[in-house]
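Trainee: I'm new to this one. Could you walk me through how to read it?

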Amino acid sequence: MGYHSNIKSDRVKQRQCLVIITLIVLCTVFFLVVSLSTNNGGVKDNVSVAAAKVIVKMKQGTSAISGNVNAPNLRVGGDPSAAASDSIDTVTEPPSTTIVSLLSHREGDLQRHSSSISTPTTSVPPRIDRIYYINMDKNQKRRELMEGWLKDQTIPYQRFSAMRGGENVTCKNNTKNDHRERCRGIAGVAMSNVAIMDQRNTTGLTLVLEDDYQVKNMTLLEESLKHIPSDFDVVRWDCWGRKPKEFQWMNKHAFRTACINATTGKEMGCSRWFCGGNHATLWRGGRSLQKLRDIWSSPYDGIDCLLTTAKLKSYCINGKFRGKIGNLVKVKGEKTDIPKVLD
């Protein structure tokens with residue numbers, strides 16, 4: 001009697017263990033399927049139905065295993081979607097109203113979360129197609145500096161001879177004669193950038209560097225693009241200066257350089273002026289370049305300051321990553337060609 005009782009007890013325990021193991025496996029498959037629906041919006045509806053059927057199968061499997069200790073084990077490992085498919089093929093009844101409601105609620109949460117940012121970031125960062133660095137002919141040391149590190153990375157690059165504004169160029173707020181040389185320098189930077197658009201290949205993604213910025217980790221620079229929306233027009237790295245409180249931070253690494261009213265969605269005045277530098281700037285080809293042309297046209301101003309606008313989607317990527325992306329370099333004997341304002 002006691003012997004048979006122990007056998008019975010052992011079988012009950014085996015059944016309970018199999019029930020628990022089966023629930024764990026099927027819940028794992030369910031969450032894998034829901035995770036796939038989060039990353040692949042185009043198949044979200046199909047995956048949601050599949051997930052519902054997996055839950056129904058889980059309920060059916062529980063009762064089946066409870067009555068049969070010799071029930072076959074579920075497939076573990078390999079392709080999770082294949083295991084889910086095997087379960088789905090044997091389902092003969094539609095998912096319950098409760099399960100469908102649960103999945104719809106889950107999808108609604110995901111949609112509300114994604115709507116907080118106009119365009120989602122991408123998990124796979126885009127690749128930079130080419131690099132141009134702008135360098136004055138007289139600044140040979142800076143040219144040697146740039147060539148020294150650019151030759152050790154894999155993206156094609158080319159030097160572009162910097163231009164300088166003529167005597168008759170016009171700049172914004174240019175009211176003092178003391179500012180003439182500064183105006184010529186500012187105009188030269190804008191003219192050089194626009195000339196690259198006119199004279200060089202700028203399809204795809206083009207990185208434009210000033211000759212006093214060294215990228216320490218090009219792979220990290222490209223990877224950092226996943227922290228901003230994928231429909232950007234222009235991106236800069238290591239932007240300096242205090243940021244207006246109205247700027248929208250996308251995350252702890254990146255912000256948009258525009259002051260936009262959160263209620264109306266329209267551009268408003270910033271509490272402080274922001275420039276940020278133009279030492280490392282990424283352009284997107286096509287319509288984005290036309291937006292930059294319009295903003296950087298005469299009368300000239302600092303092209304970095306002009307990127308604080310809602311007329312285009314301009315972002316700065318700062319923040320601490322697993323390494324340093326780049327840094328400004330001082331070259332002895334060769335200073336900037338844009339003099340400081342003389343009061």
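Mentor: Buried means under 20% relative accessible area, exposed over 50%, and partly exposed in between, using a 1.4 Å probe and protein chains only. Keep in mind that this is a predicted model, where local features need pLDDT of at least 70, side-chain atom pairs count only at pLDDT 80 or more, and totals for chains, interfaces and linings use all residues. Residues are numbered from 1 along each chain as its sequence is written, and side-chain values use heavy atoms, with hydrogens and water left out.

Trainee: With which residue does Asp137 form a salt bridge?

Mentor: Side chains of opposite charge can pair when their charged atoms come close. Here we call it a salt bridge if a side-chain nitrogen of Lys or Arg is within 4 Å of a carboxyl oxygen of Asp or Glu. Asp137 pairs this way with Arg159, and their closest N and O atoms are 2.6 Å apart. Asp137 lies in the loop between E1 and H5 and Arg159 in strand E2, so the pair ties together parts 22 residues apart in sequence. Arg159 is buried, with a relative accessible area of 18%.

Trainee: In what order do the strands of the open sheet come?

Mentor: Strands of a sheet pair through backbone hydrogen bonds, either parallel or antiparallel. Two strands count as paired if DSSP finds at least two bridges between them. In this open sheet, eight strands follow the order E2-E1-E3-E8-E5-E9-E7-E6, with mixed pairing. E2 and E6 (247–249) are the edge strands, each pairing on one side only. E1 and E2 run parallel and are joined by five bridges; Tyr132, for one, has Gln158 in E2 as its bridge partner.

Trainee: Which residues of helix H5 are buried?

Mentor: In H5 (residues 140–150), those are Arg142, Met146, Trp149 and Leu150. They cover an arc of only 105° around the axis, taken from the directions from the helix axis to the C-beta atoms, which puts them on the same side of H5. Contact means heavy atoms within 4.5 Å, and the buried residues of H5 pack against E1, E2, E3, E4 and helix H7 (218–223).

Trainee: How many salt bridges are there in the whole structure?

Mentor: A search finds ten. One of them joins Asp198 and Arg293, in helices H6 and H8, 95 residues apart.

Terms used. Helices (H or I, at least four residues) and strands (E, at least two) are DSSP runs, numbered from the N terminus.
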